[in-house]
Amino acid sequence: MAATVRVLGRGELGRYTGGGRSEVTRFEDELRSVIGVEHALAVNSGTSALIAALVGAGIGPGDEVLVPAYTWVSTAAAPLAVGAVPVLVEVDETLTLDPIDLKRKVTAHTRAVIPVHMQNLVCDMDAIMAVAGEYGLTVIEDACQAVGVTYRGRRVGSIGHAGCFSFNQHKNIRSGEGGAVLTNDRTLAERASMYHDVGSYERPGFTGDDSALIVGVNLRMPELSAAVLRPQLAGLDAQLARRRRHRRIMVDALRGTLGAGRSHLVPHHDPETATGLAVAFTEESDAVTFGARRGVHRLADTGRHVYTNWRSVRSRNPWHPGMDPYGWAARDVDHSPKACPETLRILDRTCAVDLAPELPTPAFRLLASRTAGQA
C-alpha cells in the first residue's frame, strides 16, 4: 500500500515519465540481481514475456516450438503469436517436460523448446539443455509458476537462453498482471526490448542502432505494478522458505495416506529445495476421492492447463487467413486429444496440494491435518 501511494503521490504512472525514479527500472535491477542474470525486462504479463522472448530469439514462421502438454495455454499460444507452431511433448511423473519424449519430437524444423516449471516443480534442466545443445535449440524457460525457485543451485529462468516470469494473481509474487523476460544474451534482450515498446528507439540509453531496429508493440509494465512487486521481491526468499517448511509439514501429515502401493509423492528434480507438492495415485478414482474430500484439485480438472482444453490452439483459426502459422508450417502437427496419452494418464491420477505460504505455520499445521483427513 505504501509503495502504491508513493507512485500515486508523484503522479507518474508511466515508466518513462519519471526520469531516473522509475519503479519499473528499479524492479528490473533488483530482479536481475536476485535471479542472477545480466538482463531483465519487465512486461505486462507472462504471456507477453513468452512472446517477447521468442521474438528476441528470432523464432518465426515455419519454425516449430516444443511445449509440454500440461501447462497454461499461453505456452502454446505464444509460438502462434510469432508465426511458429507449437508441438506437444509429454510430461513425465514429475509433471514437467519429459526429456525422452522431447528428443523424439525434434525435427528438422524445430527451433526452440519451452520447458515449464509447473506448480513450483522444476524441470530436469540438465537433461533438457543437453538435448537442446545436441540439436541447436533455443531454450526459453517458462518459469511463470516458479518465480525465485532454484534447480541445483541456480534460479529457474536463468538456466536456458531466456526465462519468463508471470506476476498475475496466482504467482509467487503478484501484481494482478505482469511479467518479465530474463536472459544473459544481449542481442535477445535488445530485440525483446524493442518488441515490448514500439517507441524504444527513442528512449534514453537504448543500445541498439538503426540497422538493428525492429518494429514493436506496447507490452510495457506500469509503475504501479512494479511498485507492488518490489517489496514482495525483497521477501521472496523468506516466502519460499515458508513453502519448503510447509511442504515438510504436509508430507509428514500425509504419511498415513500415502503408500501401500496406492499413492506416492510426485518426484522432484531437486528434492532438497522442493517448494511444490503433488500426490499421484494408482487409480483415477482414488485421485477423485482424495480431491473431493480434501478440497484440493485433480490436475485433469484444471481446464486450460491441459492440452485437450486448448480450444483456441486446436481450432487453427487465425485472426486473418493471410496470417496463419499452420499455413507456413512444413508439416501437419498433431494437436488431437490422442497426441499425448501419457500426460492425460498422469493428470487423471494426480492432485496438487496448496502449501499456502501466506498462512502462519500453526495455522498451516491445522490445514495439513485436515488435508490428510486427520481433523
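**Pairs, faces and cores in a predicted model**

Student: What makes S2 and S4 a pair?
Tutor: Strand S2 (residues 64-68) and strand S4 (residues 110-113) share 3 bridges, in the parallel sense. Strands pair if DSSP finds at least two bridges between them. Therefore S2 and S4 count as paired. Val65 stands opposite Ala112 of S4. Strands are DSSP runs of E with at least two residues, helices runs of H or I with at least four, and both are numbered from the N terminus.

Student: What should I know about the model itself?
Tutor: This is a predicted model, where local features need pLDDT of at least 70 and side-chain atom pairs count only at pLDDT 80 or more, while totals for chains, interfaces and linings use all residues. Residues are numbered from 1 along each chain as its sequence is written, and side-chain values use heavy atoms, leaving out hydrogens and water.

Student: What makes the link between Asn168 and Lys171 a polar contact?
Tutor: Their side chains are joined at 3.1 Å. The cut-off is a pair of N or O atoms within 3.5 Å; within protein, one must be able to donate a hydrogen and the other to accept it, and residues adjacent in sequence count only if both atoms are side-chain atoms.

Student: Why is H7 described as largely enclosed?
Tutor: Of its 11 residues (186-196), 8 are buried, so the rest of the structure largely encloses the helix. Among them are Leu188, Met194 and Tyr195. The buried residues of H7 pack against S1, H3, S8 and S9; contact means heavy atoms within 4.5 Å. At the start of H7, a side-chain oxygen of Asp185 comes to within 2.9 Å of the backbone nitrogen of Thr187.

Student: What makes one set of residues a nonpolar core?
Tutor: Members are buried Ala, Val, Leu, Ile, Met, Phe, Trp, Tyr and Cys residues, joined through side-chain atoms within 4.5 Å. The largest such core has 80 residues; Phe27, Leu31, Phe165 and Phe167 touch the most other members. H3 gives the largest share, 7 residues. Apart from it lies another core of 19 residues, including Met250 and Val353.

Student: How do you know where the buried residues of H14 point?
Tutor: Thr361, Phe364, Ala368 and Thr371 are the buried residues of H14 (residues 361-371). Down the axis they fall within an arc of 65 degrees, so they line one face of the helix. The arc is taken over directions from the helix axis to the C-beta atoms. An α-helix has 3.6 residues a turn, so residues three or four places apart point the same way. Just after H14, Gly373 takes a positive phi of about 80 degrees.

Definitions and conventions: Buried < 20%, exposed > 50% of the residue type's maximum accessible area, 1.4 Å probe, protein only.
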